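Walk me through this structure.

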Amino acid sequence: MFKNGLQIGLMLFGMFFGAGNLIFPPSLGFESGSMFTPAILGFLLSGIGMPVIALIIGTFNPGGFRAEMNQKISPAFSLLLLALIYLSIGPLMAIPRTAATSFSIGVLPITGDGTLPLALFTIVYFAFAWWLAITPTKLLARLGKVLTPMFALLIVILMLTGLFSYTTTSLAEPLGKYSASAFGTGFIEGYNTMDTLASFAFCILALNEMRRIHFHSAREHYTSVWMAGLAVAVLMGALYLGLALLGNHFPIPPEVYGDAHINLGAYVLSQSSLALFGPAGMYFLAVMVTLTCFTTTVGLIAAVSTFFYEEFPIMSYQKYATLVSLVSLLLANLGLNEIIKVSLPILLFIYPIAITIVIMTILNKFAALSRTGMRLTVAVAALISAIDILHQFAGFGWAGAVIKSLPLHESSLAWLLPVLAALVLSLFLPGKKIRGETELELH
């Protein structure tokens with residue numbers, strides 16, 4: 001039980017800790033103090049706590065979030081929402097972004113910028129990713145036992161070398177918004193990683209691995225789920241804290257802090273690698289960043305292909321994996337920024353809905369909720385998200401006035417209190433009361 005859970009957790013950790021997470025947010029390194037500063041604690045709560053809880057909740061149900069939403073809302077809604085999630089964090093944004101990040105941070109300093117180096121790199125990158133993803137039964141062995149330990153070891157080497165070389169903090173006081181609200185800023189930074197959406201995607205891979213294990217009892221299944229979630233939380237937390245300390249100790253010139261065009265996380269990674277390892281640091285950085293992003297790429301290709309194959313079996317899993325890889329390859333080279341402009345509103349629209357479903361599912365494990373109330377709760381989240389999108393991307397004045405009238409709008413959480421109010425109503429509204437309990441099918 002414990003071994004199976006740890007192996008699955010190691011695989012999932014490698015998929016989670018990808019491009020966006022490697023470039024750690026400012027709250028993880030630029031608020032001075034001890035390891036467990038308020039900013040770091042806030043980030044860990046939302047950046048790790050919410051995704052891991054979502055992963056555990058989704059994996060408890062043998063049907064994943066698809067079954068949870070079928071029961072609570074409707075099958076049509078669950079299919080539409082999941083399709084949007086898989087497309088937005090798959091070939092239309094996240095997958096090509098991992099390749100672009102690998103190139104820009106790890107490879108570009110060696111090859112220089114240009115269309116040809118990017119094309120050659122992404123062709124090789126996606127060819128290997130496709131080769132690994134077309135055999136989903138081998139993901140646990142290839143990712144969990146080989147690639148994930150490799151990139152984790154490289155990050156640990158960089159962190160430990162840096163901490164032994166730079167023994168004093170680089171800041172005397174927190175900067176900017178971290179000085180005003182360190183915990184709140186860290187929490188928002190963790191929320192903005194959007195890793196909770198990755199939990200929806202990776203649940204399908206975790207469940208498939210668990211089906212292959214053939215548990216003899218429900219207790220074995222649930223214990224493995226908890227162990228997998230614990231492994232993801234501990235490993236991600238350890239690397240986040242190590243990167244936080246590196247960012248806290250690495251000397252950064254004041255003009256870099258003041259330049260809004262410089263990603264401080266990328267700066268620390270690249271400059272510390274060069275400072276610590278000399279000319280070889282460029283190659284060290286290239287291998288570390290590429291491997292880290294690559295595991296996420298393989299996991300996302302497999303997750304997206306599995307979902308669409310199960311829901312729309314008009315072609316084989318392998319053909320879906322090929323299609324996803326080719327689309328991602330093209331977008332990584334052509335028009336990625338334009339695609340992000342289109343997919344980002346979709347991503348920001350579905351994110352509050354996804355978190356609402358996680359909160360609602362957790363509450364439903366302990367209390368019977370009205371199905372009408374749960375539908376109302378999701379509708380509230382969707383409505384506020386839609387209004388926010390009209391405000392941010394269409395410039396509608398009335399939409400901006402509505403959003404700014406809601407509490408927590410300045411933290412991109414205008415939806416939260418109305419959703420909580422709707423959840424309270426769902427405890428009392430008439431209609432069928434149901435609990436989120438499902439029978440575990442053992443094989």
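The average pLDDT of the protein is 83, and 87% of the residues reach at least 70. pLDDT is the predictor's confidence in each residue, from 0 to 100. This is a predicted model: local features need pLDDT of at least 70, side-chain atom pairs count only at pLDDT 80 or more, and totals for chains, interfaces and linings use all residues. Residues are numbered from 1 along each chain as its sequence is written, and side-chain values use heavy atoms, with hydrogens and water left out.

Two stretches call for care. Where pLDDT is low, the predicted coordinates should not be read in detail.

Now the core. The largest nonpolar core has 129 residues. Such a core is a set of buried Ala, Val, Leu, Ile, Met, Phe, Trp, Tyr and Cys residues joined through side-chain atoms within 4.5 Å; buried means under 20% relative accessible area, with a 1.4 Å probe and protein chains only. Leu12, Phe17, Phe65, Tyr86, Phe202 and Met288 touch the most other members. Helix H15 (residues 280-311) gives the most to this core, 15 residues. Helices here are DSSP runs (H or I, at least four residues), numbered from the N terminus.

Take Phe202. Leaving out residues up to four places away in sequence, Phe202 touches Leu12, Met15, Phe16, Gly299, Leu300 and Ala303.

Key
Buried < 20%, exposed > 50% of the residue type's maximum accessible area, 1.4 Å probe, protein only. Helix = DSSP H or I, 4+ residues; strand = E, 2+ residues; numbered from the N terminus. Contact = heavy atoms within 4.5 Å.
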